[in-house]
Amino acid sequence: MDQPVRPLRPLSDYPILFNLALAVLHVLAAQLGLLLAHPETHVTLVWPPSAIALAAVLLFGYRVWPGLFIGDVVVAVMEGHPPLMWAVGPVGNTLAAVVGAWLLRSFVDFDPHLRRVKDVFWLALGGGLLATMIAATLGVGALTSSGRITAQQAPGAWLSWWLGDTVAVSVIAPALLVLGTQIKEGDGPLPDRRTLARAALPFTLLIAVNVSVFGGVAQLLPQRAGLPVAFAVFPALIWIAMRLDLAGASLAVLITAIIGITATALGYGPFTGPNPNQNLGVLWGFVGVTALTTLPLGAAVRERRRAEEQLAVRQQLWESLMANTPDLVYFKDADHGLIMASRAYAEAVDHDEDDLVGKTAADLWPREAEEIMADERRVLAGEPMIRKERKATTSRGEERWYLLTKVPIYRDGEVVGFFAIDKDITERKRTEEQLAFQSMLLNQIQDMVTATDLEGHITYVNQAECRAFGKPAEELIGDSVTTYGEDPERGATQQEIIDTTRTAGQWRGEVVNVTVDGRKITLDSRVQLIRDEQGEPVGMLGISTDITERKAMERKLRQQERLAAVGQLASGIAHDFRNLLTTIILYAELPLRRDDLPPDLARNLRTIAGEAEKATDLVQQILDFSSSAMIDRQPLDLKPFVEDVLGILERTLPETMEIGLEAGSGPYVVMADPGRLQQAITNLATNARDAMPGGGELRLMLSRLQLAPGEAPPMTETPGHTSPSHPAGTEGGAWVRLTVSDTGTGMTERVQQHLFEPFFTTKDVGQGTGLGLAQVYGIVRQHGGAIDVETAPGEGTTFHLYLPAHEETEAASEEREEAAGPSGAPQGRGETILLVEDEEHVRRATRQMLEVLGYRVVTAANGREALALCQSPRWSTDRHAIDLVITDLVMPEMGGVELVRELSATRHGLKALGITGYALEEDDLTNLKASGFVSVIRKPFETEDLAAPIRRALES
């Protein structure tokens with residue numbers, strides 16, 4: 001298979017070769033100039049290298065200077081010039097060309113095509129008369145310095161040098177520029193056949209006249225060196241300039257100059273008089289006059305023809321415009337009559353184009369004539385422009401929308417008419433109405449709609465998006481979608497969405513954006529490519545639903561479920577652990593009641609009991625978190641209560657902490673367990689202390705809230721806020737808010753996510769169990785309240801505790817007996833106690849403790865065994881044989897409640913005490929009392945915890 005032939009690249013694309021070729025051309029042109037030297041004066045009549053150098057720089061730029069310089073150096077060496085001329089002469093000639101080109105490019109609007117008369121004059125003036133002075137000055141200076149000429153010869157030499165360069169630039173450079181621009185633009189060096197045919201006769205005549213004038217005819221005339229004879233060539237020159245413009249004129253001038261200079265150098269022609277210097281001056285003058293008359297005339301002809309061509313093109317374009325434009329284009333005179341109109345205008349008014357001349361709006365647009373004439377009067381009065389939309393009815397009865405533009409036409413400073421364009425925008429108006437309707441629909445929906453280009457720059461947003469981000473559409477359009485922000489840890493990045501959509505055509509997922517106020521919102525986004533009619537992708541469309549609240553509820557639900565699961569696990573473990581602690585405590589206390597116990601052993605037993613009590617506190621924390629602790633709620637005014645708690649805290653917290661309470665006039669009464677609430681406040685204060693190692697402020701505030709039915713306490717899901725719990729279905733009414741605020745280090749978002757989880761701690765090993773805030777969470781929830789946290793790194797932490805307000809204004813107090821220690825425990829009087837406990841170690845330890853207190857004890861492992869024991873012959877005949885039943889509430893086979901209910905059916909007045917490690921609500925305590933239980937004792941218990949209730953139950 002034939003390979004396609006690659007076109008040859010021009011020589012100018014190879015700088016080194018081009019400069020070498022230019023140097024060779026420079027040397028050859030110099031030799032030609034030397035051949036044309038005057039035979040008597042040996043002065044070079046014309047120096048072609050000067051013209052070549054200037055034309056080369058104008059056509060190919062300053063990068064050709066090395067070729068020019070090298071060529072001049074070669075010429076200087078070949079001519080035997082002194083070494084000084086080898087450098088100075090080439091520098092002068094090269095500098096003259098560069099400076100000449102710089103002058104023409106920098107200070108005048110020079111066109112190397114020589115399309116205008118002024119281009120010819122600027123070339124002769126800037127490139128010829130002015131720039132050549134540099135070469136003449138440096139060259140003559142070098143010749144004088146080297147001793148080749150004397151100082152007296154220098155002025156004449158400088159004039160000859162300068163004239164030779166100037167004549168070359170004026171005569172040869174125009175022909176080179178015309179030819180060079182044609183070759184660079186791909187027109188080729190040779191004209192077409194038609195041009196050659198038109199040029200044949202004029203150029204034949206020109207050559208004939210030149211040969212005659214500079215050949216034998218001039219020799220026959222009596223007046224030698226006479227200009228009138230030489231000027232016989234001018235008719236032919238003028239004919240060529242008029243017929244072939246500057247291209248022919250430049251060639252004609254060049255031919256005339258070559259014939260004249262060659263003939264004179266050979267001793268022929270009208271310039272061979274007895275005075276050689278006069279002959280040279282007349283010859284230079286002739287050549288200069290020839291160039292300065294013929295070349296401008298050729299340029300003027302070229303400029304005129306170009307203007308005529310442009311005018312013809314414009315006329316053709318105008319006629320095509322008026323015939324084919326869909327717009328209504330027309331001209332009117334000062335009397336409102338039509339002068340000219342487009343074909344579309346004629347069709348709109350159903351008239352022939354020739355019939356429109358002189359008609360007014362009243363003739364063509366009768367329904368809208370008054371409005372049209374009013375606009376026309378305004379523009380005829382000199383208003384610069386009228387631009388407006390107008391609805392009009394065509395002659396066919398169609399209603400169309402037009403965007404009209406009217407501008408006045410001036411002549412001699414007066415308005416003589418106006419020009420107008422009425423653009424049919426009916427389809428655009430319909431599209432705008434459709435887009436307006438669509439935009440209205442998009443702005444009505446709650447989802448956020450965004451359109452972008454393929455790079456992610458926003459092109460459209462609906463009002464829902466503007467509301468979400470707190471910015472008007474004008475500020476968002478044009479920005480990148482990255483202005484919405486992102487959170488790679490919680491959703492996709494904007495660049496991931498763009499890349500996936502462009503490659504897969506669509507994307508769906510969650511993305512986290514940041515509003516203008518720094519709030520993070522989570523969006524469920526669907527993005528897909530927008531394609532044009534050809535199926536090419538042109539942009540992306542995204543529809544996003546704000547799921548921030550839903551995600552917050554899901555996180556809250558997951559956290560509550562996680563906490564509930566952990567709480568249930570912790571509650572079960574705590575129950576079993578309480579049974580173990582009960583056994584440990586009782587077996588540790590029993591020996592302590594002996595008087596003969598060795599001191600070391602007594603100390604060890606007290607240590608065991610003390611550590612067991614600490615374990616009991618730890619179990620209490622677990623039960624508080626799991627809301628499984630038994631609480632004793634009572635009306636409690638928080639203001640005096642918190643003041644008392646702060647009094648205790650002031651004695652225990654460092655002096656570097658400033659503690660204060662802010663509360664208005666009360667009351668702030670809630671139903672609460674004072675002990676548990678004090679524990680919650682103490683835990684929060686301890687956390688604040690640890691967050692302020694260098695000291696700070698701890699502020700507690702009390703306030704009241706009034707909520708509508710179903711309204712939750714004011715807890716926000718924003719960055720820096722955590723609301724792990726609030727009561728679902730909150731009833732309307734009064735609430736009390738307890739705020740605990742510190743100026744400590746604050747917490748990160750990651751810490752907040754695990755804040756209330758048990759055993760989660762940021763403290764070092766051994767400095768915290770991670771149960772403090774979990775206990776607070778459980779206590780608040782067990783009181784039917786809610787907790788909210790507001791924190792950020794470096795901005796402190798604020799806890800808000802919400803508790804339902806109690807209607808009573810005075811808190812009731814419940815008398816509690818003080819434990820007097822093991823030796824002060826109330827003693828038994830031989831009464832019989834039925835002890836029912838499923839845990840064997842607890843049962844045995846409790847039995848020994850009761851026997852030490854002076855009671856007779858009968859034991860059973862569960863309710864069914866106890867019921868069978870009471871129904872046995874030994875115990876069934878005497879209803880008073882058992883004075884008191886102490887039973888665990890939760891046991892296998894039969895629990896304590898069912899046991900007491902069965903026994904009460906046959907033993908009226910039966911007294912019972914319950915023991916349990918599970919949490920009981922107020923309703924549970926009420927039901928237990930109704931079932932016959934006098935009181936309930938919490939595990940683990942000490943001797944005093946059980947001795948006093950037993951005596952009260954027996955004596956009640």
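This report describes a helix pair, the nonpolar cores and the aromatic contacts of a predicted model.

Two packed helices are described by the angle between their axes and the distance between the axes. For helix H6 (residues 132-146) and helix H7 (residues 154-184), the axes come within 9 Å and cross at roughly 145°, and the crossing is right-handed. On the H6 side the contact includes Met133, Val140 and Leu143, which meet a set of H7 residues including Trp158, Trp161, Trp162 and Asp165. By class, this contact of H6 with H7 has 11 nonpolar, five polar and one charged residues.

| Core | Residues in core | Members, among them |
|---|---|---|
| Largest | 68 residues | Leu58, Phe110, Leu123, Val171, Leu177, Phe203, Phe286 |
| Second, separate | 42 residues | Val645, Leu677, Leu684, Val789 |

The residues named for the largest core are those with the most contacts inside it, and the largest share of this core, 13 residues, comes from helix H11 (residues 234-266). Phe110, leaving aside its neighbours within four places in sequence, is in contact with Leu58, Leu104, Arg116, Asp119, Trp122, Leu123 and Leu177.

A search of the whole structure finds 10 aromatic pairs. One of them, formed by Phe469 and Tyr484, is stacked, with 4.4 Å centre to centre and 20° between the planes. This pair links distant parts of the chain, since Phe469 belongs to helix H17 (residues 463-469) and Tyr484 to the loop between helix H18 (473-476) and helix H19 (494-504), 15 residues apart. Phe469 counts as buried because its relative accessible area is 4%, and Tyr484 is likewise buried, with a relative accessible area of 5%. Elsewhere, Tyr330, Tyr345, Trp365 and Tyr402 form one aromatic cluster.

Note on methods: Residues numbered from 1 in each chain as written. Predicted model: local features only at pLDDT ≥ 70, side-chain atom pairs only at ≥ 80, totals over all residues. Heavy atoms only, no water. Axes fitted to C-alpha atoms, helices over the stretch in contact; angles between N-to-C directions. Helix = DSSP H or I, 4+ residues; strand = E, 2+ residues; numbered from the N terminus. Left-handed = near helix turned anticlockwise from the far one by under 90°. Contact = heavy atoms within 4.5 Å. Nonpolar A, V, L, I, M, F, W, Y, C, P; charged D, E, K, R; others polar. Core = buried A, V, L, I, M, F, W, Y, C linked by side-chain atoms within 4.5 Å. Buried < 20%, exposed > 50% of the residue type's maximum accessible area, 1.4 Å probe, protein only. Phe/Tyr/Trp six-rings, centres within 6.5 Å; stacked < 30°, edge-to-face > 60°.
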